[in-house]
Amino acid sequence: MKIVVIGGTGLIGSKTVERLRNKGHDVLAASPNSGVNTVTGEGLAAALAGAQVVVDLANSPSFEEKAALQFFGASGRNLFAAETAAGVRHHVALSVVGTDRLQGMGYFRGKLLQEKLIRESGIPYTIVHATQFFEFTAAIANTGAVGDTIHMSPAYFQPMAADNVADAMADVALAAPLNGMIEIAGPERVRMSELVERFLKATNDPRKVVPDPGALYYGQVAIDDRTLVPGENARIGAVRFDDWLSRYTPPK
């Protein structure tokens, strides 16, 4: 099949492209750097010509509400117009576990708009809700930094490795559309404050973690033990946090 991966050069996109190519498919890694811009529509028609599947992994460059709504709105409308014209048979999108429970944060209102446009597009689809990636642990920690301490919610979450996200995205792209949503998650349900503490210790970061039930997720929205965890039927990734951490190399 010809498969177009929007955001195909990013963290999840590059891994998904690799997996699909290894299975023998004709995969186009589409991004603004390759002349394909979903926000402006540039290059979309040519990129999607002959494509059976589109995997949308593009993400808003900003968590700010106006920017996120503009990004997901424009991107979705341009994508679905081009996909309809090209006769695309399956639209696969990556979203976030708990999106509907995180509407106090503007970025997730953008994600909810993205999902609404998908459902209304008329194109067969599958939405994949993923939990947080291990690769985001440092960023999550820094959102709670106050001097030498990190105030972090003790709410449960169930993060996963980017490799396992890409495994799932590739599998879904090659399966029949569900016209619905599936959830994917890591193998370990853990308190966010505890996981951040393990990460800091392993990376020799001297800052102290303070479990704080009032700490906001990304400094913007309150969470509890249900907000970020998947339901009972989630697909569970194989990579455990400690195994990922043992191979982690801090970015330079």
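Reply: Setting aside the residues within four places of it in sequence, Ser 95 is in contact with Lys 111, Glu 115, Ile 127, Val 128, His 129 and Ala 130, where contact means heavy atoms within 4.5 Å. This is a predicted model, in which local features need pLDDT of at least 70 and side-chain atom pairs count only at pLDDT 80 or more, while totals for chains, interfaces and linings use all residues. Residues are numbered from 1 along each chain as its sequence is written, and side-chain values use heavy atoms, with hydrogens and water left out.

Ser 95 belongs to strand β4; helices (H or I, at least four residues) and strands (E, at least two) are DSSP runs, numbered from the N terminus. Ser 95 is buried, at a relative accessible area of 3%, buried being under 20%, exposed over 50% and partly exposed in between, with a 1.4 Å probe and protein chains only. The side chain of Ser 95 is joined to that of Glu 115 by a polar contact of 2.6 Å. Such a contact is a pair of N or O atoms within 3.5 Å; within protein, one must be able to donate a hydrogen and the other to accept it, and residues adjacent in sequence count only if both atoms are side-chain atoms.

Glu 115 is the partner to follow next. This residue sits in helix α4 and is buried, with a relative accessible area of 3%. Its side chain also makes a polar contact of 2.8 Å with the side chain of His 129. Not counting residues up to four places away in sequence, Glu 115 touches Ser 95, Thr 99, Ile 127 and His 129. Glu 115 and Leu 94 are 21 residues apart along the chain, and 9.6 Å separates their C-alpha atoms.

Turning to the helix itself, α4 has 15 residues and reaches 21 Å from its first C-alpha to its last, close to the 21 Å expected at 1.5 Å a residue; the expected span is 1.5 Å times one less than the number of residues. The buried residues of α4 are Gly 106, Tyr 107, Phe 108, Gly 110, Lys 111, Gln 114, Glu 115, Leu 117 and Ile 118. An α-helix has 3.6 residues a turn, so residues three or four places apart point the same way. Those of α4 that are buried pack against β3, α3 (65-86), β4 and β5. Just after α4, Gly 122 takes a positive phi of about 85°.

The largest pocket has a volume of about 700 Å³, and 34 residues line it, with Leu 57, Ala 58, Asn 59, Tyr 107 and Phe 136 lying nearest its centre. The elements that give two or more residues to this lining are α1 (11-22), β4 (90-96) and α4 (106-120), and α4 gives the most, with 4 residues. On a 1 Å grid over the protein atoms alone, a pocket is an open set of points with protein on both sides within 12 Å along at least five of seven lines, whereas a cavity is a set where a 1.4 Å probe fits but cannot get out; lining residues have an atom within 4 Å of a point. Grid points are joined across faces, edges and corners, and a volume is the space filled by probe spheres set on the points. By class, the pocket lining has 20 nonpolar, 12 polar and 2 charged residues, with Ala, Val, Leu, Ile, Met, Phe, Trp, Tyr, Cys and Pro counted as nonpolar, Asp, Glu, Lys and Arg as charged, and the others, Gly among them, as polar.

Thr 38 lies in the loop between β2 (26-30) and α2 (44-48) and is buried, at a relative accessible area of 6%.
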